[in-house]
Structures are given as C-alpha cells and as structure tokens.
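Here is a short report for a reader meeting this structure for the first time. Keep the sequence and the 3D view at hand while reading.

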Amino acid sequence: NYKKLDSFNEIVFNYPELFIENYKINVFNSIKVNFLALKLSNDMVKYWFNIPIKNSIWNVTQVYNKSTIYYNNIDENSTTIKLLKKYFSWEIKKTDSTKYSKDNANIEIIIWEDYLWDNNPFKF
C-alpha cells in the first residue's frame with residue numbers, strides 16, 4: 001500500500017524528532033468493543049509513536065461522546081502533538097496531569113464509537 005509507505009516515509013524523514021521526543025502514550029477504550037485500543041496502538045507503533053508493551057492499553061468506564069486525546073507536560077508545538085493533530089481529527093486537549101494512566105503517560109487517547117465509523121480519522 002503506497003499510501004501507508006508515503007505516510008511512514010513522511011514521518012521518518014520529515015519528523016525524526018518524534019523518535020527523539022519519545023513521549024509515552026496510553027490508549028483507552030471507552031466502548032464495549034474488544035481490542036480497539038490494541039488495534040490502534042499496534043497501528044501507531046508502526047509509525048514510531050511510543051506505546052509501551054506493558055500497561056499502556058486499558059478500558060475506562062466513563063462515558064464519552066467522542067474520541068479525545070489528552071496530553072500533559074508537553075509543549076503544544078512539539079512534533080508529537082503536531083503529528084497527532086495531523087493524523088487525528090479528534091479533539092486534542094492539554095491537561096495538568098494524567099486522567100487515567102497510573103504510570104504518568106504524557107499522552108492519553110480515549111477511543112469512542114467514532115473510531116469505528118467509516119471516516120475513522122486515523123488512517124495511514
């Protein structure tokens with residue numbers, strides 16, 4: 001798939017700071033569909049986003065009405081935040097601390113039903 005290859009090349013060659021920043025990302029599933037957070041995290045790892053192997057994928061019980069990305073202790077002009085804004089059409093909010101992570105992740109992605117829709121915002 002050339003589109004995926006183009007996206008990968010763009011990130012690797014135009015945004016190498018993503019690898020250097022290495023901000024920790026946790027992914028949370030807020031709907032009752034299994035393995036959504038795992039699927040998203042597996043897709044993101046392929047493009048150098050730092051999603052640790054252990055304790056980075058969870059379910060949350062709070063009801064959301066749209067997928068949201070929270071970040072803390074990161075400059076909004078960082079490469080990581082710029083790329084999240086580029087590849088996700090979800091709301092991205094700065095917070096003072098983590099909402100759900102027990103390990104002080106810098107970025108938390110909460111998945112809601114809009115992740116399942118045909119116009120899924122995260123397509124490489």
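## The model and its salt bridges

This is a predicted model. Side chains of opposite charge can pair when their charged atoms come close. How many salt bridges does a search of the whole structure find? The search finds 6.

## A link between distant parts

Start with D103 and K24. Their side chains meet in a salt bridge, with N to O at 2.6 Å. The two residues lie 79 residues apart, so this pair links distant parts of the chain. D103 sits in the loop between β4 (91-94) and β5 (107-111). K24 sits in the loop between α2 (17-21) and β1 (25-29).

D103 has a relative accessible area of 26%, so D103 is partly exposed. K24 is at 21% relative accessibility. Buried would need a value under 20%, so K24 also counts as partly exposed.

K93 forms a salt bridge with E91. Their closest N and O atoms are 3.8 Å apart. Both partners are partly exposed: K93 at 32% relative accessibility, E91 at 31%. Elsewhere, salt bridges that share partners join K39, D43 and K46 into one network.

K46 is at 54% relative accessibility. Exposed means over 50%, so K46 counts as exposed.

## Two helices packed together

Now turn to the helices. Helix α1 covers residues 2-14, and helix α4 covers residues 79-87. They pack with their axes 12 Å apart. The angle is about 160°. Angles over 145 degrees count as roughly antiparallel, and therefore α1 and α4 are roughly antiparallel to each other. The crossing of α1 past α4 is right-handed.

Which residues meet? From α1 come S7, E10 and I11. From α4 come L83, K86 and Y87. This contact divides into 3 nonpolar, 1 polar and 2 charged residues.

Key: Residues numbered from 1 in each chain as written. Predicted model: local features only at pLDDT ≥ 70, side-chain atom pairs only at ≥ 80, totals over all residues. Heavy atoms only, no water. Salt bridge = Lys/Arg side-chain N within 4 Å of Asp/Glu carboxyl O. Helix = DSSP H or I, 4+ residues; strand = E, 2+ residues; numbered from the N terminus. Buried < 20%, exposed > 50% of the residue type's maximum accessible area, 1.4 Å probe, protein only. Axes fitted to C-alpha atoms, helices over the stretch in contact; angles between N-to-C directions. Parallel < 35°, antiparallel > 145°, perpendicular 65-115°, else oblique. Left-handed = near helix turned anticlockwise from the far one by under 90°. Contact = heavy atoms within 4.5 Å. Nonpolar A, V, L, I, M, F, W, Y, C, P; charged D, E, K, R; others polar.
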